[in-house]
Amino acid sequence: MARIPEETLHTIRDRVDLVDLIGRHVQLKKSGRNFVGLCPFHSEKTPSFNVNVERQIFHCFGCGEGGNAITFLMKHENLTFPEAARTLARELGIEVPENEVSGEAGLGERLRGANLTAQALYAEAITRPQAEPAREYLARRGLGADEIERFGIGFAPASGRALLGRLEREGVPASLGQQAGLLGRRDHHFDMLRGRITFPIQDARGQVLGFGGRTLSDETKPKYLNTPESPIYKKREVFYGLHLAVPAMRRAERAVVVEGYFDRLAMHRAGVEEAVATCGTALTAEHARALRRRTRRVVLVFDGDEAGQKAVESSLQVLLPEGLRVESVLLPSGQDPDDLLVAEGAEGLRARVESAEPALDLVIRRVVTRGCNTPWEKSDAVAALAPLIGRVPEAVERSELVRRLALAVDVEASAVEQALYNARRGGEPEAREAMPEPPRRADPREHWARDLLAAVLVEPSLAGTGPHEALCSLVPASPARGALALALAEAAHAGVVDVAAIEAEAEAEAEASGAAAESNAAALTVLRMVALEGRFADAPEQARRAFHDVVSRLEDASDREARRQRRRGWEDHSLSDAELLAEAQQGVERRRRRSKHVQRPQSGAAH
Ligand SMILES: [Zn+2]
């Protein structure tokens with residue numbers, strides 16, 4: 001594993017000028033203690049993207065993206081953590097020890113190099129006489145020299161030996177070509193895509209990650225063959241045509257999703273440049289996040305047959321939790337955009353895309369038209385749709401959908417609400433995780449935790465020496481509590497809360513352990529937001545007073561809760577007198593212990 005040494009990360013954080021770095025991509029204006037601009041990760045008209053110089057962090061109050069210099073590069077340029085760290089180090093003239101470079105990230109670069117060689121060979125081959133049938137096939141599908149060049153469409157020579165030879169000449173070992181998925185091996189190595197038309201699958205920056213290959217005749221099976229997954233090619237997260245679509249997505253403020261290479265090309269010919277295609281997989285949560293970083297609105301253009309309608313539903317399951325607004329167009333059954341372009345022309349295809357409707361409306365209509373008269377049918381219809389509606393994270397939008405579904409099925413809205421609630425509790429574990437928080441009254445203690453956090457950020461000595469569990473246990477489990485725990489630990493340990501450092505550490509840990517730090521993300525977001533709000537800045541005395549005030553309020557709330565529970569136990573006889581007495585004594589004990597751990601103002605200066 002290539003780990004960037006901790007000191008190197010520290011030097012990067014020390015030297016980098018976040019406003020300068022982000023300012024190259026976003027126009028920033030000074031506003032109070034922060035700089036603000038239009039967020040590069042979602043489309044917006046009023047700036048909610050904040051950069052804080054002192055803390056070297058950024059955060060968007062619109063879409064929630066945020067982090068430090070390294071994470072900005074990762075997200076903006078689609079780099080891995082070590083790649084982003086090394087890019088910054090190079091720019092700042094910081095040396096990264098050599099042996100650290102030649103690990104996993106080095107492999108990624110070499111795989112990309114092999115792909116580049118393959119792409120050059122394929123693009124060259126399609127212009128040669130031997131590729132005449134390939135060019136004829138493309139011409140029959142309406143694709144000429146322009147599209148071939150713009151999309152880098154190529155041809156893998158049928159002999160199957162050309163790529164091997166080219167890689168060898170460039171000093172790329174066959175084993176690496178095999179690892180990139182370009183070469184297969186029986187008794188000797190051969191080109192996986194030999195005799196096929198090739199489509200380079202590229203990341204947002206245009207780097208080739210893998211290839212799709214189409215046979216020239218429908219008799220050869222399989223019709224489409226993709227290079228297999230490799231350390232750089234993950235089907236769950238790539239889109240075909242993404243790098244050409246990104247600028248158009250920003251302009252059009254939407255992304256259009258289609259299902260195949262030729263469909264993506266048809267969209268280009270119809271002037272719908274903001275289209276991307278999945279490469280032989282259904283949409284995944286990773287795809288959804290990649291779209292959400294660039295736009296809020298997604299238009300699905302699928303075949304109108306049974307499979308296409310199901311695909312709309314399963315796409316909604318991954319797109320909705322990301323807060324995407326999803327519309328869909330169902331094409332006449334059995335037809336894809338490529339066919340329609342031929343039948344109806346560019347104008348016709350474009351009009352179809354523009355006729356997109358909210359996808360959930362479409363799904364509701366489909367379920368209702370299957371029959372919704374008997375109590376059983378109504379119950380089935382609501383049960384089928386509740387899990388989808390439950391995934392809409394915005395409360396207003398969700399309640400409007402509940403109203404519409406209730407109207408369509410002709411039941412009380414409260415019955416739909418109940419079904420939504422049940423779907424949330426009963427869903428399969430991984431689906432439940434993706435569900436938005438159930439609607440509940442915000443617990444004031446979570447706000448108080450943010451107050452404590454704001455105070456500790458300004459006056460780290462308030463953290464005392466811990467243990468902090470006692471203080472944190474006064475707040476219900478929530479991202480705010482997680483953020484408070486992080487800040488208290490950092491303050492006690494380092495004497496100061498360096499938010500950018502906490503982030504970088506979490507990032508590096510995620511990288512080393514194979515990206516398992518998602519659970520921490522919500523806490524980090526709260527930490528960042530509170531740091532950017534900058535309450536109590538320049539007023540440490542006020543921070544101190546607020547801290548102690550909130551701690552005693554939390555203690556009182558916790559005691560009230562305990563008394564309430566005791567009373568309840570006494571009323572319903574679930575607790576015996578002896579148990580009640582023991583409970584009450586434990587409460588007193590807890591309180592005494594707590595007041596020892598949380599330091600009072602007079603001792604607050606020491607730590
Ligand atoms: Zn944003």
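**Close-up views of a predicted model**

**View 1. Ile389 and its contacts.** Leaving aside neighbours within four places in sequence, Ile389 is in contact with Leu360, Arg398, Leu401, Val402, Leu405 and Leu420. Ile389 itself belongs to the largest nonpolar core, which has 97 residues. Ile389 is one of the residues with the most contacts inside this core, along with Val256, Val301, Val363 and Leu385. The model shown here and in every other view is predicted.

**View 2. The whole protein.** The protein has 607 residues, and buried residues make up 41% of them. Its chain forms 27 helices and 17 strands. Take the contacts with a separation of 6 or more: 67% of them join residues 24 or more positions apart.

View 3. Six strands form an open sheet in the order 12-14-13-15-16-17. The pairing is mixed. Which strands stand at the edges? They are strand 12 (239–240) and strand 17 (357–358). Each has a single partner strand, so one side of each is left without a neighbour in the sheet. Strands of a sheet pair through backbone hydrogen bonds, either parallel or antiparallel.

**View 4. Strand 12, strand 14 and helix 12.** Strand 12 pairs with strand 14 (residues 275–278) in the antiparallel sense, over two bridges. Here Tyr240 stands opposite Ala277 in strand 14. Helix 12 (residues 261–269) packs on the sheet. This helix touches strand 12, strand 13 and strand 14. The direction of helix 12 makes about 175° with that of strand 14.

**View 5. Strand 15 and its two partners.** Is strand 15 (residues 297–303) mostly covered or mostly uncovered? Strand 15 is mostly covered, with six of its seven residues buried. Strand 13 (residues 255–258) runs parallel to strand 15, and three bridges join the two. Ala255 stands opposite Val298 in strand 15. Strand 16 (residues 325–331) also pairs with strand 15 in the parallel sense, over seven bridges. In that pair, Phe302 stands opposite Leu330 in strand 16.

**View 6. Lys378 in helix 17.** Lys378 lies in helix 17 (residues 375–389). Lys378 has 17 C-beta neighbours inside 10 Å, so it counts as partly exposed. Not counting residues up to four places away in sequence, Lys378 touches Cys372, Val409 and Val411. Ala406 is 28 residues from Lys378 in sequence. In space the two are 9.7 Å apart, C-alpha to C-alpha.

**View 7. Helix 3 and the residue after it.** Helix 3 spans residues 69–77. Its buried residues include Ala69, Ile70, Thr71, Phe72, Leu73 and Met74. Just after helix 3 comes Asn78, which takes a positive phi of about 60°.

**View 8. Pro173 between two helices.** Pro173 lies in the loop between helix 9 (162–169) and helix 10 (174–179). Is Pro173 buried or exposed? Pro173 counts as exposed because it has 12 C-beta neighbours inside 10 Å. Ala114 is 59 residues from Pro173 in sequence, yet the two are 9.3 Å apart in space, C-alpha to C-alpha.

Note on methods. Residues numbered from 1 in each chain as written. Predicted model: local features only at pLDDT ≥ 70, side-chain atom pairs only at ≥ 80, totals over all residues. Buried ≥ 20, exposed ≤ 12 C-beta atoms within 10 Å, placed from the backbone. Helix = DSSP H or I, 4+ residues; strand = E, 2+ residues; numbered from the N terminus. Pairing = 2+ DSSP bridges. Core = buried A, V, L, I, M, F, W, Y, C linked by C-beta atoms within 7 Å. Contact = placed C-beta atoms within 7 Å. Axes fitted to C-alpha atoms, helices over the stretch in contact; angles between N-to-C directions.
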